[in-house]
Amino acid sequence: MPQSNIFPKTMLAARLHGPADMRVEAVAVPGPPVAGQALLRVTAVGICGSDLHTYRHARIGDTRIAGPLILGHEFAAVVEAVGAAALDGMFRPLEPGTRVAVDPAQPCGQCELCEKGHPNLCLNLRFCGLWPDQGAMCQQMLMPARSCFPLPETIDDATAVLLEPLGVAIHAVDLAKIRVGDRVAILGAGPIGLCILQVARLAGAEAVFVTDKFPWRLDLARRFGAAEAWCCDQVDAVAAVQRATGGRGVDVAIEAAWCDDSVNQAAEMLVHGGRLVVAGIPEDDQLRLQHSTARRKGLTIVMVRRMKHTYPRAIRLVARGAVDLKPLVSHRVPLEGVAEAFALNAEYRDGVVKAIVEM
């Protein structure tokens with residue numbers, strides 16, 4: 001057999017060339033792993049809401065793509081090879097053949113924020129699928145071994161993909177400082193909002209109220225234990241929360257949706273002295289909040305920036321059945337169908353919650 005067939009020089013990847021211009025193309029395979037790295041065979045990748053921002057506009061916030069970009073940061077993989085001194089996210093030797101969930105964030109570990117224990121705020125952070133760093137919708141990729149977290153056999157690849165949004169949800173609930181008996185509102189019942197719902201209940205929330213635009217997502221919220229769930233296009237969500245709490249309002253409101261008027265709604269739902277946690281990303285990169293409401297209520301406002309070493313907790317919660325991620329997977333597509341999957345997701349068609357691209 002020719003040597004070129006034994007060691008192929010190209011692989012398939014889904015690359016975004018401009019707004020809504022997604023193409024499956026042959027690209028060069030990565031080289032061998034160096035010290036501290038792992039060569040991964042990607043098995044499954046999720047389409048995230050933040051991917052959709054980049055897909056629709058070729059930018060997210062103030063970060064614009066300046067060339068073809070491989071998207072995807074929620075993913076599972078199998079370790080193909082490792083470099084010297086390759087330790088996994090639990091600081092244990094990483095072995096070829098290991099199934100892993102992969103944290104897409106790659107902090108430097110040396111800047112001021114990393115030194116202070118905030119790697120999610122790293123001043124030199126690299127992140128899969130965020131320009132200029134290529135993402136995971138490809139057949140092979142190199143990652144720091146420390147980003148890899150071995151999986152138990154009970155967690156399949158699609159569920160492993162969802163450990164990333166679950167990690168964000170855990171971080172959001174950490175920031176929310178939910179106490180036993182608190183009442184909580186979650187605006188947005190996408191994958192992260194639905195994960196936040198489950199984690200908030202584990203944290204001791206007495207009642208969790210959920211709003212969203214899509215009835216199939218609200219059905220999942222009820223399945224996961226929402227006290228009440230309302231379609232925000234049909235119901236005055238602020239008035240509904242006030243009625244449900246006897247006019248008091250909620251202790252914590254977490255915005256995990258479109259970050260438009262929903263931020264103001266969250267502020268209006270809160271009791272005086274409440275905590276507003278913003279996890280959503282607005283299309284126009286603007287945050288709108290009525291100052292008098294936030295000031296009069298003395299609200300604490302917290303922004304969610306990814307997560308901080310939450311994969312071990314996420315894996316344990318799923319492994320023992322405390323959090324259920326399987327119902328979030330609404331669509332599975334092969335790599336060749338990725339363009340249609342992005343279009344479907346961007347238009348919120350066909351009851352989409354989470355689409356998984358199986359490599």
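Trainee: What covers the buried residues of H9?

Mentor: The cover includes strand S13 (183-187), strand S14 (207-212), H8, strand S16 (250-255), strand S17 (270-278) and helix H10 (291-297). Contact means heavy atoms within 4.5 Å. Helices (H or I, at least four residues) and strands (E, at least two) are DSSP runs, numbered from the N terminus.

Trainee: Before we go on, what am I looking at?

Mentor: This is a predicted model, where local features need pLDDT of at least 70, side-chain atom pairs count only at pLDDT 80 or more, and totals for chains, interfaces and linings use all residues. Residues are numbered from 1 along each chain as its sequence is written, and side-chain values use heavy atoms, with hydrogens and water left out.

Trainee: Fine. Which residues of H9 are buried?

Mentor: Ser262, Val263, Asn264, Ala266, Ala267 and Met269. Buried means under 20% relative accessible area, exposed is over 50%, and partly exposed is in between (1.4 Å probe, protein chains only).

Trainee: And how do H8 and H9 cross?

Mentor: The axes of H8 (residues 237-244) and H9 (residues 261-269) come within 9 Å and cross at roughly 20°. That makes H8 roughly parallel to H9. Angles under 35 degrees count as roughly parallel, over 145 as roughly antiparallel, 65 to 115 as roughly perpendicular and the rest as oblique. Axes are lines fitted to C-alpha atoms, for helices over the stretch in contact, and angles run from 0 to 180 degrees between N-to-C directions.

Trainee: Which residues make the contact?

Mentor: From H8, Ala237, Val238, Val241 and Gln242; from H9, Gln265, Glu268 and Met269.

Trainee: Now the sheet. What is the strand order?

Mentor: S15-S14-S13-S16-S17-S18, an open sheet of six strands with parallel pairing. Two strands pair if DSSP finds at least two bridges between them.

Trainee: Which strands stand at the edges?

Mentor: S15 (228-231) and S18 (300-303). Each has a single partner strand, so one side of each is left without a neighbour in the sheet. On average, neighbouring strands of this sheet are turned by 15° against each other, direction ignored.

Trainee: How does H9 sit on that?

Mentor: H9 packs on the sheet and touches S13, S14, S16 and S17. The direction of H9 makes about 150° with that of S17.

Trainee: Is S16 enclosed or open?

Mentor: S16 is largely enclosed by the rest of the structure, because six of its six residues are buried. Four bridges join S16 to S13, with leucine 187 opposite glutamate 255. Five bridges join S16 to S17, and there valine 252 stands opposite arginine 275.

Trainee: What about S17 and S18?

Mentor: They run parallel and are joined by four bridges. Valine 302 in S18 is the bridge partner of valine 277.

Trainee: Changing topic: where is the cis peptide bond?

Mentor: It runs from tryptophan 131 to proline 132, with omega near 10°. Proline 132 is in the loop between strand S10 (126-127) and strand S11 (140-144).

Trainee: And positive phi values?

Mentor: Aspartate 285, in the loop between S17 and H10, has phi near 65°. Tyrosine 348 has a positive phi of about 55°, and is found in the loop between helix H12 (338-346) and strand S20 (354-358). Most residues other than glycine have a negative phi.

Trainee: Is tyrosine 348 buried or exposed?

Mentor: Tyrosine 348 is buried, at 18% relative accessible area. Aspartate 285 counts as partly exposed, at 42% relative accessibility.
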